[in-house]
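Hi,

Here is the structure I promised to pass on. Have a look, and my notes follow below.

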Amino acid sequence: MHSVFFEVVMSEISAEVLAGLLICAAMYGLERRCKRGIYRAVCAAAMGVWLAAVLYLTTLSRVPIFEVRYSLRLFDHYTLPDWYGFVQNAALFLPAGFVACCLFERLPKWKTALIGAGLSLGIELAQLITHRGICDINDLTANVCGWCMGVFLWMPLNKAFGSRKSAE
């Protein structure tokens, strides 16, 4: 039974990570084919849609609960389903980190990573304040890991294929 559960979880995680990587590839391929202004507009629209979807999924779609729920213990009693949630959160933030690098190309990448950490912290605090979900340090960690994976995925691609400025 345990191995069947593990196989189902891994197949779903693989699909989510693959979807995130495909979004990154599409955004990077789009950069090479569009004028700069159009590309920046597409990146900004993609970030807006992503942010709206994340806010809906993490806060607005949930029913308020009347008790304050938070977890400040990192990986406390983590089981396989908890790791599945961790990877899901990371996969959700991976394309956003990549698109943020495309959108803010001149910004140092550590500052781009800080933007992701700030957005994630904002989402967790919104869950705490609105009582919609659990403000969880594990979610914050997973989100920042996913965002940084997107940043780290963008960096070698940009170095290997050159920046847009040198292509124009």
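Of its 168 residues, 34% count as buried, meaning under 20% relative accessible area.

Bear in mind that this is a predicted model, where local features need pLDDT of at least 70, side-chain atom pairs count only at pLDDT 80 or more, and totals for chains, interfaces and linings use all residues. Numbering starts from 1 along each chain as its sequence is written, and side-chain values use heavy atoms, with hydrogens and water left out.

The chain has 6 helices and 2 strands, in the order α-α-β-α-α-β-α-α from the N terminus (DSSP runs: H or I of at least four residues for helices, E of at least two for strands).

The pair I looked at is α2 (residues 36-60) and α3 (residues 80-103), which pack at about 150 degrees with their axes 10 Å apart. The axes are lines fitted to C-alpha atoms over the stretch in contact, and angles run from 0 to 180 degrees between N-to-C directions. α2 and α3 are therefore roughly antiparallel (over 145 degrees).

On the α2 side, the residues meeting α3 include Y39, M47 and W50, while those from α3 include L92, F93 and L103 (contact is heavy atoms within 4.5 Å). The residues of this contact divide into 14 nonpolar, no polar and 1 charged (Ala, Val, Leu, Ile, Met, Phe, Trp, Tyr, Cys and Pro are nonpolar; Asp, Glu, Lys and Arg charged; the others, Gly among them, polar).

Cheers

Notes: Angles under 35 degrees count as roughly parallel, over 145 as roughly antiparallel, 65 to 115 as roughly perpendicular and the rest as oblique. Buried means under 20% relative accessible area, exposed over 50%, partly exposed in between (1.4 Å probe, protein chains only).
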